[in-house]
Amino acid sequence: MRYTQYFIPTVKETPADAEVVSHKLMLRAGMVRKVAAGIYNYLPLGLRSIRKVESIVREEMNRAGAIEILMPMVTPAELWQESRRWEQYGKELLRLKDRKDNEFCLGPTHEEVVTDIVRREVRSYRQMPLNLYQIQTKFRDEIRPRFGLMRGREFIMKDAYSFDVDEQGADIAYEKMYQAYRRIFARCGLKFRAVEADTGSIGGNWSHEFMVLADSGEDAIVSCNGCDYAANVEKAESKVVEAAEHAEARPMEKVHTPGKKSIQEVSEFLGIPVTHTVKMLVCMADNVPVAVLLRGDHDLNEIKLKKVLGCEELEMATDEQIAKATGAPVGYLGPQEARIRLVADLTVRGMRNVVVGANETDYHLKNANPDRDYVIGEYADIRNVAHGDPCPRCSGGILEMWRGIEVGHVFKLGMKYSKALNATFLDQDGKEQIVFMGCYGIGIGRTVAACIEQNHDDNGIIFPLPIAPFHCIVSAVNPKDETVSATADEIYARLQAAGVEVLYDDRDERPGVKFKDADLIGIPLRLVIGAKNLADGKVELKQRSGGEMELLAIDDAVARITSLVREALAL
Ligand code: 9G3
């Protein structure tokens, strides 16, 4: 493609409302342009990358035996009412009416629609295993869309759905998708980890998220440095960290701690490490107050607590709700004479001689001990694991904390949707059975954005070749020079004939502008055609990912570029 015939509106300045690198660079590189909050135009370079990711996804899904379909973007309310999700979801589900006042929504996902296909068309066990997938635009009316394609409202997703006769079949389908995802993200040139994840509202009983490791990632994940355990912090466990000491209970002491409300303040004031303090928080679980106890330096994991309490809604209690429920002042809460349900994290069980609030303003208790000074009826894993915690799976492994960008998510769904929509089949004995499902998503645009988060420098994007908009940019320096432009034209033609995707920068622009643009848009290979080196029959090859500039004869340059491209695309 000739630059002068193309459309690459690069910009020098960093857009104000872009907060993460990938958003900034995709705007500056002329890859996307915002139309409305969370809604984007894909401009030529952005679209080429999107299409590259889609074709890698398509190849691997087909290789895994999945079959491509395309379901509608607009889906009828009736299906969502059958699964009871029409009322379950709030404003995130963008609803609309047609001219006859029939209700629809813009599909945020397609479990209902695909299950409707299967309940109508699949009647026999012989028709399964079946895996149907699509690459389709989704809409989720996020409250705060941000970070460009990373958290858009309208986005392109590959979503696949597997249908099996039993759980064993569903496990096989899950494993096939899991392996296909590993190949997909590896081929996209991403450093990623598959982590055990919470199933959230989707239901089902098991899921993994595919996380691209990047400091700008919204998710916190841990991975063990001794085995392959890895999990989203929402779900991650650790071996219970045994309490620091098992000394016998010392006499409890009420101490004056004027204005010391936070664990940090109390710990510093009393000269006692936070690991010897126990903090009490109060939550409203379906509007019922529940107190939780955690070691001072640990954080409450609300997803775990919600599962333990089995509640629908869980919020942190307000100060007045706390005062009403416990009769004690915030900042000085303690578990003694608890009047409300009290759940303690597993780590608290072994703790002795701890500091807790005295349930009285400006006072704490030192050397408080379970059974003697307070009674804990319930223990559960309700905390976030921390960097350095012992691995729950192996001995000796330590959990390391990373930030990740979720680009894929695979779920075992069980019968949640097939039961709701009565998707059944006749088994070998002619008995009616309910279909077992799994669902598997990849955010296409988010994968491109995550790739840029992971591959950039101060000059711009550093695309891995498989998802770069072009393989090679040929920069003709001073194309007015007959020799330069004739040589560049020849090389452009020869590379294209060899199957190399070339962006030929034939603009009448200063070299500096061309080089800055080439670095910004991140094309992996840059070939500079300049009069000086041409005089020696040489052209300059530079790889965007680093490495030395190579001065090569023209034939060698064509051969080198062709082999570098073939190497990078080898599956
Ligand atoms: C909704 C709305 C938002 C949603 C959902 C439904 C997320 C919803 C979870 C999934 C699960 C999997 C198939 C592909 C992989 C992910 N946000 N989820 O179900 F109505 Cl408004 O989408 N679906």
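1. A salt bridge is taken here as a side-chain nitrogen of Lys or Arg within 4 Å of a carboxyl oxygen of Asp or Glu. In this predicted model, arginine 48 and glutamate 501 form such a pair, with their closest N and O atoms 3.2 Å apart. The rule finds two salt bridges across the interface of domain 1 and domain 3.

2. Domain 1 is made up of 16-184 + 416-453, domain 2 covers 253-380, and domain 3 covers 470-569. The centres of domain 1 and domain 3, taken over C-alpha atoms, lie 39 Å apart.

3. As to the extent of the interface, six residues of domain 1 are in contact with five residues of domain 3. Between them the two domains bury about 550 Å², and carbon and sulfur atoms account for 66% of this area. On the domain 1 side, 65% of the area buried against domain 3 is supplied by Leu45, Arg48 and Lys52, more than by any other three residues.

4. Two residue pairs, both at pLDDT 80 or more, are in polar contact between domain 1 and domain 3. On the side of domain 1 that touches domain 3, the elements giving two or more residues are α1 (21-28) and α2 (44-63). The largest share, three residues, comes from α2. By class, this side of domain 1 has three nonpolar and three charged residues, and no polar ones.

Terms used. Residues numbered from 1 in each chain as written. Predicted model: local features only at pLDDT ≥ 70, side-chain atom pairs only at ≥ 80, totals over all residues. Heavy atoms only, no water. Domains from an automatic or database assignment. Contact = heavy atoms within 4.5 Å. Buried area = accessible area lost by both parts, 1.4 Å probe. Polar contact = N/O pair within 3.5 Å; in protein donor to acceptor, adjacent residues only side chain to side chain. Helix = DSSP H or I, 4+ residues; strand = E, 2+ residues; numbered from the N terminus. Nonpolar A, V, L, I, M, F, W, Y, C, P; charged D, E, K, R; others polar.
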